[in-house]
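Here is a brief report for a first look at this protein. Start with the sequence and the model below.

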Amino acid sequence: MHKVSIAVEPEIVSVSLGDFHRLQWIKNFARISIGLVWVWEGLMPKILYPSATQFEMVRRSGWWWGSPEQTLYWLGVAMIVAGFGIMSGIWERAAALISTLAVLVLMVLVITSNPEALHDPFGGLVKDACLFTCAALVWWWPRTPESVSKR
């Protein structure tokens, strides 16, 4: 079997300043979407409507202080704060990286403490894939119009 490797140079596309600003909106919406998911996931299933499954996952993980209920509550608060921080745009690349790493850690903890989550049709794995895509867009998007032509 023959292996072929192809090195493809990224094509530089000139974009007008107006188009760059329109495309910048896409990146901003991706960042805001990441933050909204963090706020929603912190507020709804961890603070307002925690389920026995959530408490049990925290308990089984062994990563709790005080009680699984208190830990879940404070995890929700931390997720809400992180979500607003992500939406603010301050240190957006660092926020995208940290949120991606946090999602990976949470995915591992959820799957190890609740393997049924892998085949849950309403589970977070598909949502997490979308979060990774949005984070990649925020991470790799050029910061200035000049950086588009320098790639």
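Leucine 104 is partly exposed, because its relative accessible area is 38%, and buried means under 20% while exposed means over 50%. This leucine sits in helix α4. The model is a predicted one.

Leucine 104 also belongs to a nonpolar surface patch. Two elements give two or more residues to it: α4 (92-113) and α5 (125-140). Helix α4 supplies the largest share, three residues.

## Helix α3 and its cover

Helix α3 runs over residues 68-88, 21 residues in total. At 1.5 Å a residue, that helix should span 30 Å. Its end C-alpha atoms are 30 Å apart, so the two values agree. Just after α3 comes glycine 89, with a positive phi of about 85 degrees.

Which residues of α3 are buried? They are Pro68, Thr71, Leu72, Gly76, Met79, Ile80, Gly83, Ile86 and Met87. An α-helix has 3.6 residues a turn, so residues three or four places apart point the same way. The cover over the buried residues of α3 includes α1 (17-48), α2 (52-61) and α4.

A disulfide would need two cysteine sulfur atoms within 2.5 Å. For cysteine 130, the nearest cysteine sulfur is that of cysteine 134, 7.0 Å away. Cysteine 134 likewise is in no disulfide, and its nearest cysteine sulfur is that of cysteine 130.

Cysteine 130 is partly exposed, with a relative accessible area of 45%.

Note on methods:
Residues are numbered from 1 along each chain as its sequence is written. This is a predicted model: local features need pLDDT of at least 70, side-chain atom pairs count only at pLDDT 80 or more; totals for chains, interfaces and linings use all residues. Side-chain values use heavy atoms; hydrogens and water are left out. Patches are made of residues with over 30% relative accessible area and no salt bridge: like charges are joined within 9 Å, nonpolar side chains (Val, Leu, Ile, Met, Phe, Trp, Tyr) within 5 Å. Accessible areas come from the Shrake-Rupley method with a 1.4 Å probe; for residues, only the protein chains shown count as cover. A salt bridge is a side-chain nitrogen of Lys or Arg within 4 Å of a carboxyl oxygen of Asp or Glu. Helices (H or I, at least four residues) and strands (E, at least two) are DSSP runs, numbered from the N terminus. Buried means under 20% relative accessible area, exposed over 50%, partly exposed in between (1.4 Å probe, protein chains only). The expected span of a helix is 1.5 Å times one less than its number of residues. Contact means heavy atoms within 4.5 Å.
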